Amino acid sequence: MDRQSSGLASLGDFDRVLVIDFGAQYAQLIARRVREARVFSEIVPRDITAAEVAAREPVGVILSGGPSSVYAHDAYGIDPEIFELGIPLLGICYGHQVMAQALGGVVESTDASEFGPADLTVSGDSLLFSGQPDRRKVWMSHNDAVSAAPEGFVVTASTPDAPVAAMEDAQRRFYGVQFHPEVKHTEHGQRILEHFLLEACNARPTWTHVGIIEQSVDAIREAVGDGVAICGLSGGVDSSVAAALVHKAIGDQLVCVFVDHGLMRQGEGEQVERTFRDTFNMNLIHVKAEDRFLAALEGVTDPEEKRKIIGELFIRVFEEVAAGIEGADHLVQGTLYPDVIESGTKDAAKIKSHHNVGGLPDDMRFDLVEPLRDLFKDEVRAVGEELGLPEEMVWRQPFPGPGLAVRIIGDVTRERLDILRAADAIVIDEIRRAGLYREIWQTFGVLPAIKSVGVQGDERTYAYPLIVRAVTSDDAMTADWARLPYDVLERISSRVINEVEGINRVAYDISSKPPATIEWE
């Protein structure tokens, strides 16, 4: 069976805005800001053709920023026929320069680059700046600048080092800004985007949680038909919301399969069974497969290999379960948009293969049903709340599908799993006691397969260190290390070292994403 995936992106009932990604660090942020205006956005590669754009029937197109110079020999360009489609366009930073150059304007290297805040002055009538102050702070990040706007454009704003900081062609509905309205440091930036979306594009603001659920239910019913869907349920936010959404659509045609691979946190197996079988009365099959997974992971230290092994084993278990269920040809997964992006697209380099994306075997016999594939994490939580899932489940901190296997840096063994499980439980307990659980995006322990010397009870120890990781984030695309109070860190360290045999040292990771990732593997 050819692998297919069912998601919201294939639906035509939401007005859609395409974000053409020129390799910008802010492309995902642009997409999020569009969605905050209740308009569906989709990131597409820079070499998309005009025909491919037209086939998606967008109401608008945004050209993202990028790291290159438009006049460099290997500069990213755009299919010029996109400008002939009659679709409103907004160019941001590099996208602003691409538009200007393609339509006959002039882009030049400036003597004074702008990185950070700049003073913007608005001049004349402008759709983008309507109803806003004529002066404001904006966020700049560029070496080059548009020095002459193309014919038909009116210059609507400038900064001391960017004479064409904004331009508009009202007749063709083309707009360009040198600064980044999607960044919160830009004053009134969201209003600028909303003017483009709601006035220039006439987009309907229907991308709401209720609308997402309604469209997802229709898509799921169409995809599954009279068949049966198997849902890979881990008890995490993503798989739980996906299960609830699919259950709303097809009821008893859904069979949830909880594969207990022995890589979960303390007490999670019992919690999953209690919640979905007893509380939600769903069809749940509990497969205990710890021995099988640990045998497959024995001696494996490479994180990509771990993910692929776990991803394939998951599928094999699902296939074995499905073999005993007539019509079970569909697999439900809680794949999110960041999973897809991080697993590698044309202009988003592969950061790590997610076990449910890059880790899937090529010969998988299921059709995929991924109702959350086009959503960011905060959107998933909102959908979960709308579906009536309990707060403690919806706001549970993210946990990787490969589980503790990617939080043990090195070979995965039962001993190391037991040690990490006990230490991680203490970390979470202290974060909850401090009232910080909802404030922090993710908190967990990492166990590297190294040992260091310590002293306990006047005796030498030779044991593992625990690295504590805590980050704040909105969507996991970027993250900052959490400034945990010293007394909380002290309690964590003291308890872990005294209560968990096998650990004699605790360290705290103060790296942000980028350059680090949230998980260590």
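Leaving aside its neighbours within four places in sequence, which residues is His180 in contact with? Let me start there, and then we'll walk through a few strands and a helix together. Keep in mind, everyone, that this is a predicted model.

So, His180. You'll find this residue in the loop between β10 (174–177) and α4 (189–200). Once the neighbours within four places are set aside, His180 is in contact with Tyr26, Ile92, Cys93, Trp139, Ser141 and Thr186. Is His180 buried or exposed? The relative accessibility is 2%, and since anything under 20% is called buried, His180 counts as buried. There is also a polar partner: the side chain of His180 makes a polar contact with the side chain of Glu182, at 2.8 Å.

Arg173 sits in the loop between β9 (162–169) and β10, and its phi is near 60°, a positive value in a residue other than glycine. Arg173 is partly exposed, with a relative accessible area of 28%. Then look at the loop between α4 and α5 (209–224), where Asn202 lies. Asn202 is not a glycine either, yet has a positive phi of about 55°. With a relative accessible area of 53%, Asn202 is exposed.

Next, please find β12, residues 254–260. How many of the residues of β12 are buried? It is 7 of the 7, so β12 is largely enclosed by the rest of the structure. On one side you have Leu254, Cys256, Phe258 and Asp260, on the other Val255, Val257 and Val259, and both of these faces are covered.

β12 has strand partners that we can go through in turn. Strand β11, residues 228–232, pairs with β12 in the parallel sense over 4 bridges. Here Cys231 stands opposite Cys256 in β12. To get from β11 to β12 the chain passes through helix α6, residues 237–250, and that β-α-β crossover is right-handed. Strand β13, residues 284–288, also pairs with β12 in the parallel sense, over 5 bridges. In that pairing, Asp260 stands opposite Lys288 in β13. The unit made by β12, helix α7 (residues 268–279) and β13 is a right-handed β-α-β unit.

Helix α8 spans residues 290–297, and its buried residues are Phe293, Leu294 and Leu297. Why do these sit on the same side of α8? They cover an arc of only 95° around the axis, and that puts them on the same side. As a reminder of the geometry, an α-helix has 3.6 residues a turn, so residues three or four places apart point the same way. On the face turned away from the buried side, α8 carries the exposed residues Asp291 and Ala295. And what do the buried residues of α8 pack against? They pack against β12, α9 (303–322) and α13 (414–433). After α8 comes Gly299, with a positive phi near 80°.

Strand β16, residues 408–409, runs parallel to β17, and 2 bridges join them. Ile408 stands opposite Leu447 in β17. Which hand does the crossover from β16 through α13 to β17 have? This β-α-β crossover is left-handed, while the one from β11 through α6 to β12 is right-handed.

One last stop, in the segment after β21 (503–508), where Pro514 lies. The peptide bond from Lys513 to Pro514 is cis, with omega near -10°. A cis peptide bond joins Pro514 and Pro515 as well, with omega about 10°. Pro515 has its place in the segment after β21 too.

That's the tour. Thanks, everyone!

Notes:
Residues are numbered from 1 along each chain as its sequence is written. This is a predicted model: local features need pLDDT of at least 70, side-chain atom pairs count only at pLDDT 80 or more; totals for chains, interfaces and linings use all residues. Side-chain values use heavy atoms; hydrogens and water are left out. Buried means under 20% relative accessible area, exposed over 50%, partly exposed in between (1.4 Å probe, protein chains only). The arc is that of the directions from the helix axis to the C-beta atoms. Contact means heavy atoms within 4.5 Å. A polar contact is a pair of N or O atoms within 3.5 Å; within protein, one must be able to donate a hydrogen and the other to accept it, and residues adjacent in sequence count only if both atoms are side-chain atoms. Two strands pair if DSSP finds at least two bridges between them. A crossover is right-handed if, with the strands pointing away from the viewer, the path from the first strand over the helix to the second runs clockwise.
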